[in-house]
Amino acid sequence: MCKILKKTLAVCLIGLGLGILLVLLLPVTGWLFIIGVTVVSVGIMWLAC
């Protein structure tokens, strides 16, 4: 149960980060882009462990 929850949360984080990145690629602003990359990488790391 806990493993399924972790994977679901990780996928949600990746989706959120990708959504942020897609929105932000229209107006390119540095700090929001960094937040999106961070959220995606945290989600991927969470999935990996």
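1. A surface patch here is made of residues with over 30% relative accessible area and no salt bridge; nonpolar side chains (Val, Leu, Ile, Met, Phe, Trp, Tyr) are joined within 5 Å, and like charges within 9 Å. A salt bridge is a side-chain nitrogen of Lys or Arg within 4 Å of a carboxyl oxygen of Asp or Glu. Accessible areas come from the Shrake-Rupley method with a 1.4 Å probe, and for residues only the protein chains shown count as cover.

2. The model is predicted: local features need pLDDT of at least 70, side-chain atom pairs count only at pLDDT 80 or more, and totals for chains, interfaces and linings use all residues. Numbering runs from 1 along each chain as its sequence is written, and side-chain values use heavy atoms, with hydrogens and water left out.

3. Start with the overall picture. The chain has two helices and zero strands. Both terms refer to DSSP runs, numbered from the N terminus: helices are H or I with at least four residues, strands are E with at least two. Helix α1 covers residues 2-24. Helix α2 covers residues 30-48.

4. Now the surface. Of the 49 residues, 18% count as buried. Buried means under 20% relative accessible area, exposed means over 50%, and partly exposed lies in between (1.4 Å probe, protein chains only).

5. Which residues form the nonpolar patch? They are Leu9, Val42, Met45 and Trp46, with about 340 Å² of accessible area together. Helix α2 gives the most to this patch, with three residues. Met45 sits in helix α2. Met45 counts as exposed because its relative accessibility is 55%.

6. Gly17 lies in helix α1. Its relative accessible area is 0%, so Gly17 is buried. Setting aside neighbours within four places in sequence, Gly17 is in contact (heavy atoms within 4.5 Å) with Gly36, Val39 and Val40. Gly17 and Ile35 are 18 residues apart in sequence, and their C-alpha atoms are 7.7 Å apart.

7. The other glycine is in helix α2: Gly43. Is Gly43 buried or exposed? Gly43 is buried, because its relative accessible area is 0%. Apart from neighbours within four places in sequence, Gly43 is in contact with Ala10, Leu13 and Ile14. From Gly43 to Leu13 the C-alpha distance is 5.1 Å, although the two are 30 residues apart in sequence.

8. Val39 belongs to helix α2. With a relative accessible area of 17%, Val39 is buried. Leaving out neighbours within four places in sequence, Val39 is in contact with Leu13, Leu16 and Gly17. Cys12 is 27 residues from Val39 in sequence and 9.8 Å away, C-alpha to C-alpha.

9. Leu16 is placed in helix α1. Why does Leu16 count as partly exposed? Leu16 counts as partly exposed because its relative accessibility is 48%. Leu16 and Gly36 are 20 residues apart in sequence and 7.9 Å apart in space, C-alpha to C-alpha.
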